[in-house]
Amino acid sequence: MAKAAVRKPKKKVCVFCKDKVDYIDFKDTSLLRKYISDRGKIRARRVSGNCSQHQRDVATAVKNSREMALLPYTATAR
Amino acid sequence: MGSTLARHYELMVILDADLEERTVSPSLDQYLGVVRQGGGVVEKVDVWGRRRLSYEIQKNHEGIYAVIDLHAEPAVVAELDRQLLLNESVLRTKVIRLPEPKKPRQPRRVAA
């Protein structure tokens with residue numbers, strides 16, 4: 001009758017820390033596309049699982065990429 | 001080579017897609033003369049070619065992308081960027097300062 005209330009949160013490890021990435025390239029759109037939603041919004045840290053430093057680097061890279069029209073600011077919803 | 005403040009930059013340019021793709025690298029090279037005169041070094045010019053823009057820029061749906069890797073002083077790069085933007089067939093530019101490859105490890109905490 002009672003729901004299993006306690007969901008064990010999966011501990012995510014930042015992929016960039018794991019690979020020891022120190023520069024996230026704004027030109028690498030295939031990588032950055034993994035961190036934006038299909039609306040073009042940047043995925044939250046709790047979704048992407050990045051650490052704060054790398055999440056910030058990703059966000060900066062996405063923003064640079066948008067300025068150069070490599071990624072959309074907005075994408076039409078499907 | 002005697003420049004003291006030469007830094008590693010990456011310059012990305014979006015050009016009007018109406019240009020001939022073959023004429024892109026010679027005409028870019030003309031602009032890069034500024035860098036060479038200013039004591040900088042152009043490492044690499046990479047013309048990506050025509051690419052669809054994610055959104056319209058000045059009524060253009062397409063653009064020719066080019067990425068230039070260079071070492072130069074900040075003032076030289078600023079001048080290059082200024083000159084590029086004066087050209088009407090340049091839709092957009094972006095200058096990124098790349099991280100220096102070698103980083104001397106600093107001791108994070110020095111015991112006092």
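A salt bridge here is a side-chain nitrogen of Lys or Arg within 4 Å of a carboxyl oxygen of Asp or Glu. One such pair joins the side chains of Lys27(A) and Glu10(B), at 2.7 Å from N to O. Between chain B and chain A the count is 2 salt bridges.

This is a predicted model, where local features need pLDDT of at least 70, side-chain atom pairs count only at pLDDT 80 or more, and totals for chains, interfaces and linings use all residues. Residues are numbered from 1 along each chain as its sequence is written, chains are lettered from A in the order in which they are written, and side-chain values use heavy atoms, with hydrogens and water left out.

Contact (heavy atoms within 4.5 Å) takes in these residues from each chain:

| Chain | Residues in the contact |
|---|---|
| Chain B | 20 residues |
| Chain A | 15 residues |

Together the chains bury about 1,300 Å², with 63% of it on carbon and sulfur atoms; that is accessible area (1.4 Å probe) lost on being put together, summed over both. On the chain B side, Ser54(B), Tyr55(B) and Lys94(B) lose the most area to chain A, together 38% of what that side buries.

Now for chain B itself. Helix 1 (residues 21–37) of chain B packs against helix 2 (residues 74–86) of chain B at about 150 degrees, with the axes 8 Å apart. Helices are DSSP runs (H or I, at least four residues), and axes are lines fitted to C-alpha atoms over the stretch in contact, with angles from 0 to 180 degrees between N-to-C directions. Helix 1 of chain B and helix 2 of chain B are therefore roughly antiparallel (over 145 degrees).

Terms used. Helix = DSSP H or I, 4+ residues; strand = E, 2+ residues; numbered from the N terminus. Parallel < 35°, antiparallel > 145°, perpendicular 65-115°, else oblique. Buried area = accessible area lost by both parts, 1.4 Å probe.
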